[in-house]
Amino acid sequence: MNIVEPAPSPTRGPDADPAKLAEAFRLFNQVSEELSSAYGALEKQVERLTAELAAANAEAQRLREEAERNKRLTAMGEMAAQLAHQLRTPLAAALLYAGNLETPGLPEGTRILLAQKTVERLKHLERLIQDMLLFARGEVLGRETFEIAELLGELVMTFEPLARARGVVFAVGAPPLGLTLTGNRKALGGALTNLLENALNAVAERPDGRIGLEVEADEASISFCIVDNGRGMPAEVVSRLFEPFFTTRAEGTGLGLAIARGVARAHGGGIEVDSAPGKGSTFRLIIGRGPNDLVAAEDG
């Protein structure tokens, strides 16, 4: 067996040349200094680029915030102009009717009629202001857990007499057993009532008016589906339904659907609409399900 002796180190061996060692150390130190200098320059460059990137991000954020602020101001300006227009018309009518009450020798019947019209216009103003307040605070919601069946029961008690008085059939499907929802019960009830009232107006001209309310649920959401066999709407009307102050009714404030959609969105959902002239309408109010709702439904 051959044993190979290790080769002597050129830097430590007895035959190492001191001059070569010195030259090697000098070169090593030179390279180290150059690398250190290059690292320092690179570090400064990184710091400069980082500062420039941070400044660019800050500027981009400032521009985004400014754009959002301008957008909000524009929206507020448009809404204020629309609100002023909406308030001015019924207010002018109320002032006109009230002014006529001062007419000397006015017959009693005419005076009563003018007074009733004045009160009617003022009530319209009150509804408009109430809707505006609801619209403004629509995103602020309290939450509680309740059964869907209880909510439907309240809707039936409120809406069924109105439908029956107009000869409209109101059919409510039984919700899934034990289905619960965590949300703002009052706000959801108001949003659904608004959709039902719209449906009632849509079927007003039909002798066989019919409105249905069904509830569907899956693991992610709960849908309240309101179907009517009314006059339906063209696409250009459907596309504007949720614009504040847009309405096709003389007595409407144009805020009901905007408020309803705000409530649905605050519950993690939205409202879908399917409608066509002469074919009725379907409004689907969708609510996101919280963990408590899912557990309750599975237990039921």
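Contact here means heavy atoms within 4.5 Å, and helices (H or I, at least four residues) and strands (E, at least two) are DSSP runs numbered from the N terminus. By that contact rule, E150, L151, E154, L155, F159, L162 and A163 in helix 3 meet R185, G189, L192, T193, L196, E197 and L200 in helix 4. This is a predicted model, with local features needing pLDDT of at least 70 and side-chain atom pairs counting only at pLDDT 80 or more, while totals for chains, interfaces and linings use all residues. Residues are numbered from 1 along each chain as its sequence is written, and side-chain values use heavy atoms, with hydrogens and water left out.

- Start with the layout: 5 strands make an open sheet, ordered 2-4-5-7-6, with mixed pairing (two strands pair if DSSP finds at least two bridges between them).
- At the edges sit strand 2 (169–172) and strand 6, each pairing on one side only.
- From one strand to the next, the twist averages 15°; axes are lines fitted to C-alpha atoms, for helices over the stretch in contact, and angles run from 0 to 180 degrees between N-to-C directions.
- Strand 5 (residues 221–228) and strand 7 (residues 281–288) run antiparallel, joined by 8 bridges; D228 stands opposite S281 of strand 7.
- Strand 7 also runs antiparallel to strand 6 (residues 270–275), this time with 6 bridges.
- Over in strand 7, L285 is the bridge partner of I271, and T282 is the bridge partner of D274.
- The hairpin of strand 6 and strand 7 has 5 residues between the strands, and G278 takes a positive phi near 80° there.

**Helix 3 against helix 4**

- Helix 3 (residues 148–165) packs on helix 4 at an angle of about 30°, their axes 10 Å apart.
- The two helices therefore count as roughly parallel to each other (angles under 35 degrees are roughly parallel, over 145 roughly antiparallel, 65 to 115 roughly perpendicular and the rest oblique).
- Helix 3 and helix 4 cross in a right-handed way; a crossing is left-handed if the near helix is turned anticlockwise from the far one by less than a right angle, and right-handed if clockwise.
- The residues of this helix 3 and helix 4 contact split into 8 nonpolar, 2 polar and 4 charged (Ala, Val, Leu, Ile, Met, Phe, Trp, Tyr, Cys and Pro count as nonpolar, Asp, Glu, Lys and Arg as charged, and the others, Gly among them, as polar).

**R185 up close**

- R185 is part of helix 4 (residues 185–202).
- Leaving out residues up to four places away in sequence, R185 touches E144, F146, E150, L151 and E154.
- Side chain to side chain, R185 makes a polar contact with E150 at 3.3 Å (a pair of N or O atoms within 3.5 Å; within protein, one must be able to donate a hydrogen and the other to accept it, and residues adjacent in sequence count only if both atoms are side-chain atoms).

**Helix 4 against helix 6**

- Helix 4 and helix 6 (residues 256–266) pack at about 140°, with axes 9 Å apart.
- That makes helix 4 oblique to helix 6, and the crossing is left-handed.
- A187, L188, A191, N194, L195 and N198 of helix 4 make the contact with G256, L257, A260 and V263 of helix 6.
- The residues of that helix 4 and helix 6 contact divide into 7 nonpolar, 3 polar and no charged.

**Helices on the sheet**

- Helix 3 lies across strand 2, strand 4 (210–217) and strand 5, running at about 175° to strand 2.
- Helix 4 lies across strand 2, strand 4, strand 5 and strand 7, running at about 20° to strand 5.
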